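Work through the exercises below with the sequence and the model open. Try each task before reading its solution.

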Amino acid sequence: MRAASLLLVALALLGGCGEKVAPINGCVPAGGLEPTCSFRNPEDMELLPDGRTLLISQMGSMNGDRPGSFALFDTRSETITRLPQFTASTEPPWGDPACTSVPGPEFSPHGIDLIRRPDGQWQVLAVNHGGRESVEFFQLLEESEGYRLAWRGCAVAPADSHLNDVAALPGGGFVATHMFPRSSPSIGPLSLAMLQAMLGFDTGYVLHWNGERFAVAAGTRAPFPNGIQVGPDGKVLYENAYMAGEVRKIAFPGGELLGKARVKGPDNSQWDAEGRLLVASQTVGAMQMAACFEVTEGPCGAAFAIVAVDPGSMKAETILEHRGAPMGAATVAQQVGDQLYLGSFAGDRIVRAPMPAPAR
């Protein structure tokens with residue numbers, strides 16, 4: 001009876017959220033946003049140590065049936081460099097010793113994270129859906145020809161995992177968000193788990209990899225966990241509960257809820273120069289966001305906002321709102337100097353906007 005009731009409510013939700021998002025043609029500035037095109041689903045990004053280059057995760061697909069890649073973007077010259085297929089480092093692995101094979105051409109990155117290890121080496125973590133559901137380890141190397149990535153191992157996720165984002169822990173290991181079971185059946189364009197999340201049911205959690213094994217992080221069960229960040233001392237997690245419309249501040253590893261901020265559809269988070277979390281907020285319904293997966297040319301125009309969250313008080317301030325051309329459906333906001341760069345899971349571009357001054 002409960003399953004039948006859930007299905008009826010789900011069908012009602014599907015019937016009431018079918019507004020289409022108009023496609024966008026052309027690659028011209030609009031609404032204060034300056035686009036750079038020729039990307040492919042630039043879902044996440046990290047600012048590299050030179051303070052000018054962005055490492056961009058170009059997601060193929062969430063189910064791993066289309067490959068993706070990494071690209072570099074020089075924010076001064078506005079040039080794009082495609083990174084070649086990686087080779088394995090000759091140094092000892094950083095991941096699970098049982099993972100010995102370099103990702104193949106089916107590699108499809110999703111969320112990424114950059115951290116400096118205690119020995120001074122730069123580490124990139126990437127959620128991967130292609131070929132295996134995993135978190136891949138890379139060493140970031142700067143050479144005379146520019147940056148490159150050397151593969152340093154992986155950690156294969158537990159069976160039926162469907163990961164989204166990842167964040168390194170300062171003492172080693174990482175945390176990654178598990179959205180919902182990969183085996184969840186589909187109802188129309190959404191999975192049953194997505195519909196359960198829309199109704200407020202917890203569908204996923206944060207996984208902690210301690211260097212040897214995975215475990216569920218205490219206090220992190222939520223309706224569709226999405227972005228994840230870790231406080232500087234590693235004692236706090238900032239989990240984006242997408243369908244709950246919340247950024248949750250959780251003690252780690254204890255699991256106590258320390259605070260939360262109301263943010264509609266929170267996707268990825270990045271730190272800004274003020275120490276705030278910049279959260280990409282998708283402000284339309286789930287069906288409109290699902291329609292973005294059907295975009296084959298140009299970007300999706302779904303409305304979004306960028307919300308700055310104070311990690312202490314968890315006070316949220318909207319610093320940018322946009323809908324339509326030149327890009328919608330933002331999934332990440334990265335500050336570079338006095339500019340803000342935005343990416344999306346659906347489309348062929350990133351956009352740049354002036355970084356608003358913090359409210360005083």
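The exercises cover a sheet, a cavity and some salt bridges.

The model is predicted, so local features need pLDDT of at least 70 and side-chain atom pairs count only at pLDDT 80 or more, while totals for chains, interfaces and linings use all residues. Residues are numbered from 1 along each chain as its sequence is written, and side-chain values use heavy atoms, with hydrogens and water left out.

**Exercise 1. The cavity**

Task: Describe the lining of the largest cavity: which strand supplies the largest share, and how do its residues divide?

Solution: 
1. On a 1 Å grid over the protein atoms alone, a cavity is a set of points where a 1.4 Å probe fits but cannot get out; lining residues have an atom within 4 Å of a point.
2. The structure holds one cavity of 30 Å³ or more. A volume is the space filled by probe spheres set on the grid points, which are joined across faces, edges and corners.
3. The lining consists of Glu-34, Thr-36, Phe-73, Glu-78, Tyr-341, Ile-350, Val-351 and Arg-352.
4. Strand E27 gives the largest share, three residues.
5. The lining divides into four nonpolar residues, one polar and three charged. Here Ala, Val, Leu, Ile, Met, Phe, Trp, Tyr, Cys and Pro count as nonpolar, Asp, Glu, Lys and Arg as charged, and the others, Gly among them, as polar.

**Exercise 2. A salt bridge between strands**

Task: Which residue forms a salt bridge with Arg-262, and is Arg-262 buried or exposed?

Solution: 
1. A salt bridge needs a side-chain nitrogen of Lys or Arg within 4 Å of a carboxyl oxygen of Asp or Glu.
2. The partner of Arg-262 is Glu-246, with the closest N and O atoms 3.5 Å apart.
3. Arg-262 lies in strand E20 (residues 257–262) and Glu-246 in strand E19 (residues 246–251), 16 residues apart.
4. Buried means under 20% relative accessible area, exposed over 50%, and partly exposed in between (1.4 Å probe, protein chains only).
5. Arg-262 has 63% and is therefore exposed, whereas Glu-246 has 9% and is buried.
6. Salt bridges that share partners join Glu-246, Arg-248, Lys-260 and Arg-262 into one network.

Terms used
On a 1 Å grid over the protein atoms alone, a cavity is a set of points where a 1.4 Å probe fits but cannot get out, and a pocket is an open set with protein on both sides within 12 Å along at least five of seven lines; lining residues have an atom within 4 Å of a point. Helices (H or I, at least four residues) and strands (E, at least two) are DSSP runs, numbered from the N terminus.
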